[in-house]
Amino acid sequence: MSKTILITGATSGIGKACAEKFAAAGWKLIITGRRNERLQQIKADLNREFGTDILTLCFDIQDKNAVFAAVDTIPQEWRQVDVLLNNSGLALGRDYFDEADIGDWDIMLNTNVHGLVYMSRAVLPLMIQKQQGHIINIGSTAGKEVYEKGNMYCATKHAVDAISKAMRIDLLRHNIKVTALHPGAAETEFSQVRFKGDTEKAAAVYDGFTPLQPEDIASTVFYCACLPAHVCINDLVITCTQQANSFYMNKKS
C-alpha cells in the first residue's frame, strides 16, 4: 500500500521538487497552494509521467477557516496521511527594523507561523487516530541566527524552530515524528518574492557561489520521510558547500 504525503506550497520551488520526488517513488500526493492553475498543471504532469494519484487543495494558508475547511473536504480514502510537509513560507522585504513595512511583517507571520500551526492542527487528528505520522517543517538558517535587515523573517523562522521542538515533545505520546529542516541559500522563487519582483536584486543574491537547488532539499526530505519507524531526524541544517551559516559565505568573483 502506497504512502501519502501532504505538501503545502507545492506550486513552485522546494514544494514542487518534493512533489516530483515523492511521485517518482510511488507515493500518493495531496498538494496545496493558492494558484489553482499551477496545482492542476503539476497534477497533470506528474500523473502523466508517474501515474501518481494526486489530490489538489487550493486555499490560502494564512486563512485559518480555509485551512480547516480544506482538510475537512479530504475524502475518506485520502485521510491516511503519513507525512505532512509544512513547506509554505516566504520572506518579504529586507529593510531595517525601523523602516520595514508592517504589512510585510503581517504576511510573513501569517504564512510562516500561523499557516504552519493551522495546517498542523488540522491534519494532526488524522495522524493521532492511527497513532503514527511524521511532520516535516521547513525552517531556515535564518531560524538559527539573526542577520541585519532580517528582523521579522528571522523571527518567524526562529518560531518554526521552537514550534518544531514543542511539537516533538507534545506529540511523543502519539508516536508522531517531527523533523525540522533548515536550508541555507537555495535558488527558488524565494528571492524574487522577497525583493517583490526585482529580478536584478534577486539574481544578485546568488552571485559568486553555487546555491542549493530545490531538488537537493527534496532528496533530504525524502530521506527523512523514508527512515525506519523507530528513527527520526529531529533537526537538520543544510547549506551549500560555500556557505557555513547565515553570515559566512565563500563567494568567488
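Entry 1: I am working with a predicted model. I began with helix H1, residues 13-24, and helix H2, residues 36-50. They pack at an angle of about 25 degrees, and their axes are 10 Å apart. Angles under 35 degrees count as roughly parallel, so H1 is roughly parallel to H2. I noted the crossing of H1 and H2 as right-handed.

**Entry 2: who touches whom.** Which residues make this contact? From H1 I listed Lys16, Ala19, Glu20, Ala23 and Ala24. From H2 I listed Ile42, Leu46 and Phe50. Sorted by class, the contact of H1 with H2 has six nonpolar and two charged residues, with no polar ones.

**Entry 3: the largest cavity.** How many cavities of 30 Å³ or more does the structure hold? I found two. The largest has a volume of about 70 Å³. It is lined by 15 residues, and the closest to its centre are Leu92, Gly93, Met108, Lys149 and Asn151. Helix H4 (102-130) and helix H5 (151-170) each give two or more residues to this lining. H4 gives the most, with three. By class, the lining of the largest cavity has six nonpolar, three polar and six charged residues.

**Entry 4: the second largest cavity.** This one holds about 40 Å³ of space. I wrote down its lining: Thr8, Ile61, Asn86, Asn87, Ser88, Thr111, Gly115 and Leu116. H4 gives the most to this lining too, with three residues. The second largest cavity is lined by six polar and two nonpolar residues, and no charged ones.

Conventions. Residues numbered from 1 in each chain as written. Predicted model: local features only at pLDDT ≥ 70, side-chain atom pairs only at ≥ 80, totals over all residues. Heavy atoms only, no water. Axes fitted to C-alpha atoms, helices over the stretch in contact; angles between N-to-C directions. Helix = DSSP H or I, 4+ residues; strand = E, 2+ residues; numbered from the N terminus. Parallel < 35°, antiparallel > 145°, perpendicular 65-115°, else oblique. Left-handed = near helix turned anticlockwise from the far one by under 90°. Contact = heavy atoms within 4.5 Å. Nonpolar A, V, L, I, M, F, W, Y, C, P; charged D, E, K, R; others polar. 1 Å grid on protein atoms, 1.4 Å probe; cavity = no way out; pocket = protein on both sides within 12 Å on 5 of 7 lines; lining within 4 Å. Points joined across faces, edges and corners; volume = space filled by probe spheres on them.
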